[in-house]
Amino acid sequence: MKKSIEEINERIKKGEAVVLRADEVVEMGKKEGFKEIFKKVDVVTTGTFGMMCSSGAFINTGHFDPPTKLQDVTLNDVKAYGGLAAVDIYIGATERANGREDYGGAHVIEELVKGEKVRLKAKSIPTDCYPGKEIDVYISLKNINQAFLFNPRNCYQNYYAVTNSSNELLYTYMGLLLPNFGNVAFSTSGEISPLHKDPYLRTIGIGTKVFLAGAQGYVVWEGTQFNSKVERNKETGIPKSPSGTLALIGNLKEIDPEFLKAAYIKGYGISLFIGVGIPIPVLDEDMAFYVSIPNEKIKTKIIDYGIKKLERPFIKEVNYAQLFSGWVDIKGKKVKTQPRTSIYKSKRIAEILKKWILKKKFYLTEPVKSLPLEGVFKPWREI
Amino acid sequence: MERNIKERLFLLFPKRIVNYPVTATLLKEKEVLVNILKAEIMPNEDGYMLVDIEGKKKEIEEAKIFLKEKGVLIFPVSEKIIIHKEKCVHCGSCTGVCVSGALYLDKKYKLRFNPKKCILCSLCRETCPRGAIEIIG
């Protein structure tokens, strides 16, 4: 027996669809088993809210009078990229403001989303087509022509948990790591994380509609560093290390500031918290099995950031139930754990997506093209 | 004559040195007084100590150098902590470095703060990616 996405959408339209959050379906799976899930549930909603550095926004300001090309561009003193057509620019989340350590592209994007004004300054070489030399104006989402998030890498399918064996305090993008295995930091929202619920990306591909920071966005490509050929858990099929990633797109004008927040990581730089939620259709018993996988069965590797090499030493394998318990054991020592992804917000996202579907504001999409399951992430090599 | 001053410090003792009598040696070798306000040191675990260290300015500086040489991590302690809830996204980054357990996630994974347990070590401010923790003093 199978269900199609078309049939599920039909049920959504009639108001008959059964939609559960991933954490609800995990509970149901523990009590009733995945076969019952297939019989009873149509869609499972997931969510994650974490720092995703590879994010940014395209902006088209609309043309100026006299026409001016935006060449050397800054937004609130943060460099944007102007090497595109005249008034197209891209602002990347991690770009730092001139002379400031704790303000950057992510803050500019957050301010725009909150409806605030941002100062745009640009210089260019005048041409017959674009005679203007300089621009110094304020922009906001109200007066610019278009703005959309275009994030080359979001939504990692699993990620390492990290610790620090060295004698020094480390300032990493996973947060402060205390010396001598003082703590373990982990990201991903575990059993409610989108790509954990569809390990082989059967239902998520190019064209899949998603919750992107409060807007209805889309998967446009596999994310950068997409790496699906990794060791997988034999029972669940879930990768044991970072693997699949998504490139996402969404209208900045529709984004909810609650789900897009700038981050400043001391000693590292700027990043952007983004909320992503993806609905997983329960097409058959296999999908019902995947959506029911609990934290106990999702494993990741603890690696050591105390050794500063490309290949970080492997410490041990753990599951997300252990990580969420607040403690893990490393070499006989009880070590405190901390999430880096907001589980509170991740669940809110899964809940909002569930309500959207139940209120017929969001229908599921058939992927236009699958993501490459043979993708390998290569390190840099000299030619 | 130069007057004694008092400085409050948060000391982190890595596991490998907790079996060495750091504080006793400090008192023996340096001309400072140490008042331990709070401590948690167990064999084979990282330990921490909140102390008031009293003495002449130069002696306190020498005591700090002694502690650093022994592998103790020193953090100056401040007076007041403010959690800006409107900035917090409940990521939980601060909870793993909060050795006193003052910051924790509740059952709904919302960040909670118990000021009674806080020892003002400021590690949470260092790791908060949202600038939601302000420490005064």
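This is a predicted model: local features need pLDDT of at least 70, side-chain atom pairs count only at pLDDT 80 or more; totals for chains, interfaces and linings use all residues.
**View 1. Chain B as a whole.**
Chain B contains three helices and eight strands. Read from the N terminus, its elements follow the order β-α-β-β-α-β-β-β-β-α-β. Its C-alpha atoms fill a box of roughly 50 × 35 × 25 Å along the principal axes. Of the 137 residues in chain B, 36% are buried. Among contacts in chain B with a separation of 6 or more, 65% are between residues 24 or more positions apart.

**View 2. Two helices of chain B that cross.**
Two packed helices are described by the angle between their axes and the distance between the axes. Here the axes of helix H1 (residues 22-29) and helix H2 (residues 57-69) of chain B come within 11 Å and cross at roughly 145°. The crossing of H1(B) and H2(B) is right-handed. On the H1(B) side the contact is made by Val22(B), Leu26(B) and Glu29(B), and on the H2(B) side by Ala63(B), Phe66(B) and Leu67(B). By class, the residues of this contact are five nonpolar, no polar and one charged.

**View 3. Where chain B touches chain A.**
In this interface, 25 residues of chain B are in contact with 30 residues of chain A. Helix H3 (residues 123-127) of chain B gives the most to the chain B side, with three residues. That side of chain B has eight nonpolar, nine polar and eight charged residues.

**View 4. The annotated span of chain A.**
An unreviewed UniProt entry carries the annotation "domain: Homocysteine biosynthesis enzyme sulfur-incorporation" for residues 17-364 of chain A. In the model, this span is 16% helix and 35% strand, and its end C-alpha atoms lie 12 Å apart.

**View 5. Helix H7 of chain A.**
Helix H7 of chain A covers residues 343-358. At 1.5 Å a residue, its 16 residues should span 22 Å, and the end C-alpha atoms are 22 Å apart, so the two values agree. Buried residues in H7(A) include Ile343(A), Tyr344(A), Ile349(A), Ile352(A), Leu353(A) and Ile357(A). Lysines are also among the buried residues of H7(A): Lys345(A), Lys347(A) and Lys354(A). Lys360(A), which follows H7(A), has a positive phi, near 60°.

Asp65(A) and Pro66(A) are joined by a cis peptide bond, with omega about 0°. Pro66(A) lies in the loop between strand S4 (56-60) and strand S5 (72-75) of chain A. Glu258(A) belongs to another part of the chain, the loop between strand S18 (246-251) and strand S19 (260-265). The C-alpha atoms of Glu258(A) and Asp65(A) are separated by 36 Å, and the two residues are 193 residues apart along the chain.

**View 6. Two loop residues of chain A with positive phi.**
Asn76(A) is a residue other than glycine with a positive phi, near 50°. Its place is in the loop between S5 and strand S6 (78-80) of chain A. Asn76(A) counts as buried because it has 23 C-beta neighbours inside 10 Å. Cys155(A), also a residue other than glycine, has a positive phi near 65°. Cys155(A) is in the loop between strand S10 (146-154) and strand S11 (161-163) of chain A. With 27 other C-beta atoms within 10 Å, Cys155(A) is buried.

How values were computed:
Residues are numbered from 1 along each chain as its sequence is written. Chains are lettered from A and ligands numbered from 1 in the order in which they are written. Two residues are in contact if their C-beta atoms, placed from the backbone, lie within 7 Å. Helices (H or I, at least four residues) and strands (E, at least two) are DSSP runs, numbered from the N terminus. Ala, Val, Leu, Ile, Met, Phe, Trp, Tyr, Cys and Pro count as nonpolar, Asp, Glu, Lys and Arg as charged, and the others, Gly among them, as polar. The expected span of a helix is 1.5 Å times one less than its number of residues. A residue is buried if 20 or more other C-beta atoms lie within 10 Å of its own, exposed if 12 or fewer, and partly exposed in between; C-beta atoms are placed from the backbone. UniProt positions are given in the numbering used here, feature names are shortened, and annotations may be inferred rather than shown by experiment. Axes are lines fitted to C-alpha atoms, for helices over the stretch in contact, and angles run from 0 to 180 degrees between N-to-C directions. A crossing is left-handed if the near helix is turned anticlockwise from the far one by less than a right angle, and right-handed if clockwise.
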